[in-house]
Amino acid sequence: MKTAIYPGTFDPITNGHLDIIDRASRLFDNIIITVARNPAKSPLLSAEERVFLIEQVIADIEGNAALTVEMFDGLIVDFARKRKATAIIRGLRAISDFEYELQMALVNRRLFSEVSTVFLMPHEKYTYLNSTIVKEVASFGGDISNFVPPVVEMMIKKKYGG
Ligand code: ADP
């Protein structure tokens with residue numbers, strides 16, 4: 001059984017994240033989506049809300065992997081070790097992601113050599129998408145229905161009083 005973890009803030013989960021989870025679910029048996037509370041980023045949604053939304057939207061993923069969602073604060077390699085995960089999944093959208101991701105991957109490998117970071121590229125139509133832009137558009141009352149699933153759209157709109 002091959003277990004991978006997919007760490008992130010997911011504030012909120014977007015169609016880009018879902019595209020990555022969909023691809024990963026064809027490669028691994030178990031995927032643990034790991035939600036960091038990440039207070040440093042002052043998230044719009046609580047960690048509980050982010051977990052709730054992820055659980056709602058991953059139900060539609062068709063791959064064969066067992067998908068679970070967990071909150072975790074701390075070193076991602078400690079979590080990987082605890083769960084016997086052999087891979088950390090990260091999405092690569094553009095060269096701009098690369099430098100930071102390479103550094104993280106090499107540090108994580110130094111800390112725990114049995115885990116490999118696996119980079120997956122989303123469909124081109126999601127390369128411009130991140131959680132920040134979704135929140136920015138929504139904060140001005142813009143339409144985010146092409147960026148996130150309906151249940152996420154509803155919660156984000158509510159947060160901005162829509
Ligand atoms: P973090 O706070 O770790 O950057 P995010 O929730 O923003 O967490 O993202 C988690 C992972 O998902 C990262 O590897 C990021 O590159 C990837 N990701 C985010 N948006 C997209 C997207 N539109 N397409 C592909 N991967 C994405």
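**Ligand site, pockets and a loop**

Modeller: Before the details, keep in mind that this is a predicted model.

Colleague: What does the side chain of threonine 9 do with the ligand?

Modeller: An N or O atom in the threonine 9 side chain is 2.6 Å from an oxygen atom of the ligand.

Colleague: And which atom of tyrosine 126 lies 2.9 Å from a nitrogen atom of the ligand, backbone or side chain?

Modeller: Backbone: the atom of tyrosine 126 at 2.9 Å from that ligand nitrogen is a backbone N or O.

Colleague: How much of the ligand's accessible area does the protein cover?

Modeller: The ligand has 550 Å² of accessible area on its own, and the protein covers 89% of it.

Colleague: Which residues come nearest to the ligand?

Modeller: There are 16 residues around the ligand, and Tyr6, Thr9, Lys41, Gly91 and Leu129 come nearest. By class, that shell holds 7 nonpolar, 5 polar and 4 charged residues.

Colleague: Where does the ligand sit in terms of pockets?

Modeller: The ligand takes up the space of the largest pocket. Two or more residues of the ligand shell come from each of strand 1 (3-8), helix 1 (15-24) and strand 4 (87-91).

Colleague: What volume does the largest pocket have?

Modeller: About 1100 Å³. Its lining has 41 residues, and those nearest the centre of the largest pocket are Pro7, Gly8, Thr9, Lys41 and Arg90.

Colleague: Which elements give two or more residues to that lining?

Modeller: Strand 1, helix 1, strand 4, helix 4 (95-111) and helix 5 (131-139) do. Helix 4 provides the largest share of the lining, 8 residues.

Colleague: How does the lining of the largest pocket split by class?

Modeller: The lining has 19 nonpolar, 14 polar and 8 charged residues.

Colleague: Moving on, how much space lies in the second largest pocket?

Modeller: The second largest pocket has about 170 Å³. Among the residues that line it are Leu18, Asp19, Asp22, Arg26, Gln56 and Val57.

Colleague: Which element gives the most to the lining of the second largest pocket?

Modeller: Helix 1, with 3 residues. Helix 2 (47-57) also supplies at least two residues of that lining. By class, the second largest pocket is lined by 5 nonpolar, 1 polar and 5 charged residues.

Colleague: Change of topic: backbone geometry. Is the peptide bond from aspartate 11 to proline 12 cis or trans?

Modeller: The aspartate 11 to proline 12 bond is cis, with omega near 5 degrees. Proline 12 is in the loop between strand 1 and helix 1.

Colleague: And phi of phenylalanine 10, positive or negative?

Modeller: Positive, near 55 degrees, and phenylalanine 10 is not a glycine. Phenylalanine 10 also belongs to the loop between strand 1 and helix 1.

Colleague: Why point those two out?

Modeller: Because most residues other than glycine have a negative phi, and most peptide bonds are trans.

Conventions: Residues are numbered from 1 along each chain as its sequence is written. This is a predicted model: local features need pLDDT of at least 70, side-chain atom pairs count only at pLDDT 80 or more; totals for chains, interfaces and linings use all residues. Side-chain values use heavy atoms; hydrogens and water are left out. A residue is near a molecule or strand if one of its heavy atoms lies within 4 Å of it. A polar contact is a pair of N or O atoms within 3.5 Å; within protein, one must be able to donate a hydrogen and the other to accept it, and residues adjacent in sequence count only if both atoms are side-chain atoms. Accessible areas come from the Shrake-Rupley method with a 1.4 Å probe; for residues, only the protein chains shown count as cover. On a 1 Å grid over the protein atoms alone, a cavity is a set of points where a 1.4 Å probe fits but cannot get out, and a pocket is an open set with protein on both sides within 12 Å along at least five of seven lines; lining residues have an atom within 4 Å of a point. A molecule sits in a cavity or pocket if more than half of its atoms lie within 2 Å of its grid points. Helices (H or I, at least four residues) and strands (E, at least two) are DSSP runs, numbered from the N terminus. Ala, Val, Leu, Ile, Met, Phe, Trp, Tyr, Cys and Pro count as nonpolar, Asp, Glu, Lys and Arg as charged, and the others, Gly among them, as polar. Grid points are joined across faces, edges and corners, and a volume is the space filled by probe spheres set on the points.
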